[in-house]
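Please consult the sequence and the structure below while reading.

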Amino acid sequence: MKNILEHIKTSKEKGQKLLAILLDPDKLLIENIEKTINKINRRKVDFIFVGGSTVSEGITELFVKKIKELTQIPIVLFPGDFEQITDNADALLFLSLLSGRNPEYLIGQQIKSVKKLQKSSLEIIPTGYILIDGGVETSVEKVSNTTPILQSNIEEITATAIAGEYLGKQLIYLEAGSGATVPTDAKIISSVANSIQVPLIVGGGIRTKKQLQITFENGADLVVIGTAFEENNSVLTSII
Ligand code: 1GP
């Protein structure tokens with residue numbers, strides 16, 4: 001599928017909620033991909049996100065190629081660094097870590113990715129990425145060497161999202177971090193959702209049907225689930 005951004009925007013307009021499963025090439029063994037994708041194929045999953053904070057060079061390419069052979073579900077790269085970019089996917093979340101003050105993740109990695117992207121047919125989606133305290137130190141925090149915004153600071157989180165929209169980001173991603181013990185609070189989600197026009201992605205620490213419902217009801221347009229699916233593939237049966 002091309003025009004993934006268009007699909008997300010149209011779904012938002014229609015009030016149709018979207019779900020993405022995040023697969024981390026660093027955690028999922030290549031020999032287990034087939035079994036995993038077969039499970040995803042049987043459920044109503046809109047996107048497969050692929051990425052991780054630390055993935056060895058070349059692995060994402062093999063990983064995505066294998067997934068592509070097994071599914072029609074669009075694959076969206078959610079890379080921790082520019083080395084994870086591969087043309088085998090459908091789209092790329094072109095992330096800028098707006099909550100942080102580390103230039104490497106605001107613009108450095110993006111510049112390093114240009115050579116690859118100029119030769120690629122990936123749909124590039126400018127995305128404002130906002131890291132929120134999820135109760136534990138997550139890999140994004142460690143790798144990016146940035147401090148997440150406290151959940152109590154709703155004003156700053158909301159202002160960051162609005163600034164992201166002013167900067168031209170087409171999506172805003174509220175991230176509590178993979179494996180967060182505290183997912184993004186409902187008040188934060190609704191404050192941000194009510195303040196921006198672009199679609200809102202929320203992920204990090206969502207493990208139950210109730211949390212998923214709260215996240216959608218408060219204004220998330222697309223929810224990303226990683227850990228809960230990794231730990232127990234049947235989570236999809238219970239939450240969708
Ligand atoms: C991480 O938002 C995603 O980037 C998913 O988080 O692994 O906690 O579901 P979980």
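## Salt bridges

K27 and E230 are joined through their side chains by a salt bridge, with an N to O distance of 4.0 Å. This pair connects distant parts of the chain, 203 residues apart: K27 belongs to the loop between β1 (18–23) and α2 (33–41), and E230 to helix α10 (residues 227–231). A salt bridge is here a side-chain nitrogen of Lys or Arg within 4 Å of a carboxyl oxygen of Asp or Glu. Helices (H or I, at least four residues) and strands (E, at least two) are DSSP runs, numbered from the N terminus. The model is predicted: local features need pLDDT of at least 70, side-chain atom pairs count only at pLDDT 80 or more, and totals for chains, interfaces and linings use all residues. Residues are numbered from 1 along each chain as its sequence is written, and side-chain values use heavy atoms, with hydrogens and water left out.

The structure contains 6 salt bridges. Another of them pairs D221 with K12, whose closest N and O atoms are 3.4 Å apart. D221 sits in the loop between α9 (209–217) and β8 (222–225) and K12 in helix α1 (residues 4–14), so this contact ties together parts that are 209 residues apart in sequence. A further salt bridge joins the side chains of R207 and E231 at 3.0 Å, N to O. Because R207 lies in the loop between β7 (200–203) and α9 while E231 lies in helix α10, the pair ties together parts that are 24 residues apart in sequence.

## Exposure of the paired residues

Relative accessible area is classed as buried under 20%, exposed over 50% and partly exposed in between (1.4 Å probe, protein chains only). In the pair formed by K27 and E230, K27 is partly exposed with a relative accessible area of 47%, and E230 is partly exposed with 37%. R207 is partly exposed at 33%, while E231 is exposed at 57%.

## The largest pocket

The largest pocket has a volume of about 540 Å³. Of its 32 lining residues, G52, F78, P79, G80 and L95 are the closest to the centre. On a 1 Å grid over the protein atoms alone, a pocket is an open set of points with protein on both sides within 12 Å along at least five of seven lines, a cavity is a set of points where a 1.4 Å probe fits but cannot get out, and lining residues have an atom within 4 Å of a point. Grid points are joined across faces, edges and corners, and a volume is the space filled by probe spheres set on the points.

At least two lining residues each come from β4 (91–97), α4 (103–112) and α6 (139–144). The largest share, 6 residues, is supplied by β4. By class, the pocket lining comprises 14 nonpolar, 12 polar and 6 charged residues. In this scheme Ala, Val, Leu, Ile, Met, Phe, Trp, Tyr, Cys and Pro count as nonpolar, Asp, Glu, Lys and Arg as charged, and the others, Gly among them, as polar.

## The cavity

The whole structure has 1 cavity of 30 Å³ or more. The largest cavity has a volume of about 120 Å³. Its lining consists of 16 residues, with G204, G205, V224, G226 and T227 nearest the centre. Two or more lining residues are given by each of β6 (171–175), β8 and α10. The cavity lining divides into 7 nonpolar, 7 polar and 2 charged residues.

T227 is part of helix α10 and is buried, at 13% relative accessibility.

## Helix α3

Helix α3 (residues 59–70) has 12 residues, which should span 16 Å at 1.5 Å a residue; the end C-alpha atoms are 17 Å apart, in agreement. The expected span is 1.5 Å times one less than the number of residues. Within α3, the residues T60, F63, V64 and I67 are buried. Seen down the axis, the buried residues of α3 fall within an arc of 95°, so they line one face of the helix. The arc is that of the directions from the helix axis to the C-beta atoms. L62 and E69 are exposed residues on the face of α3 turned away from its buried side.

## N145

N145 lies in the loop between α6 and α7 (154–166) and is exposed, with a relative accessible area of 65%. Its phi is near 55°, a positive value in a residue other than glycine. Most residues other than glycine have a negative phi.
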